[in-house]
Amino acid sequence: MRNIVLIGMPGCGKSTVGVVLAKNLAMEFIDSDLVIQREMGMRLSELIDRYGDDGFREIENRVNSGIQAENSVIATGGSVVYGEEAMAHLKGIGTVVYLKLSYPQVEDRLGDLHARGVSVKPGQTLRDLYEERCPLYESWADIVVPCDGKRLREVVLYLTGKLTGEDA
């Protein structure tokens, strides 16, 4: 099976869904945020502090563009969709899945954006970020998974069915 690339807002469950989906499909799991942290030797929040929002996005774009994987589930950071090269590369090596969550659900799940390493511009609200990113997620997605009110198991079963062509 080709790679599966998970995109979506912070807090939508990309990493959690990714681990369980990889186990279900006997695939490897890659968390691109962890790849960035390992390559740069810093946490995401430290990278944003040091290089700013734009600098962080350049790093994210470069690292994601260089991911070489086969038969893997790749959970990306929420801001990966700002990197044209990264998204073109990821779409070229896999099926892009958007884990779609409504704004109230995202707001409910997220705590301190900075501590989570969420890339936001000065003065930008979570609502602004949500409205800016959702059209980008939609434009890159091969599959959209509505996640509101669904448990982890339900999301994984739904997605497994979509990817394997079996009704889950």
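Tutor: Two strands pair if DSSP finds at least two bridges between them. Helices (H or I, at least four residues) and strands (E, at least two) are themselves DSSP runs, numbered from the N terminus. Before we apply this, note that the model is predicted: local features need pLDDT of at least 70 and side-chain atom pairs pLDDT 80 or more, while totals for chains, interfaces and linings use all residues. Residues are numbered from 1 along each chain as its sequence is written, and side-chain values use heavy atoms, with hydrogens and water left out.

Student: Thanks! In which sense does strand S1 run relative to S3, and how many bridges join them?

Tutor: S1 (residues 3–7) runs parallel to S3, with three bridges between them.

Student: What should I look for on the two faces of strand S3?

Tutor: In a regular strand, side chains alternate between the two faces of the sheet. A residue is buried under 20% relative accessible area, exposed over 50% and partly exposed in between (1.4 Å probe, protein chains only). In S3 (residues 72–75), Ser 72 and Ile 74 on one side and Val 73 and Ala 75 on the other are all buried, so both faces are covered.

Student: Which residues have the most contacts inside the largest nonpolar core?

Tutor: The general idea is that nonpolar side chains tend to be buried together in soluble globular proteins. A nonpolar core is a set of buried Ala, Val, Leu, Ile, Met, Phe, Trp, Tyr and Cys residues joined through side-chain atoms within 4.5 Å. The largest one here has 53 residues, and Ile 4 and Ile 7 have the most contacts inside it. Contact means heavy atoms within 4.5 Å. Leaving out residues up to four places away in sequence, Ile 7 touches, among others, Val 80, Met 87, Val 96 and Trp 140.

Student: Where does Met 87 lie?

Tutor: Met 87 sits in helix H4 (residues 84–93) and is buried, at 0% relative accessible area. Beyond four places in sequence, its contacts include Ile 7, Val 81 and Trp 140. Leu 159, in helix H7 (residues 152–164), is also buried at 0%, and its contacts beyond four places include Leu 6 and Val 97.

Student: How many salt bridges does a search of the whole structure find?

Tutor: Side chains of opposite charge can pair when their charged atoms come close. A salt bridge is a side-chain nitrogen of Lys or Arg within 4 Å of a carboxyl oxygen of Asp or Glu. The search finds six. In one of them, Asp 53 and Arg 57 have their closest N and O atoms 3.4 Å apart. Both residues lie in helix H3 (residues 44–65), four residues apart, about one turn of the helix, and both are buried.

Student: Is Arg 127 buried or partly exposed?

Tutor: Arg 127 is partly exposed, with a relative accessible area of 37%. Its salt bridge with Glu 131 has closest N and O atoms 3.9 Å apart, and the two residues share helix H6, four residues apart.
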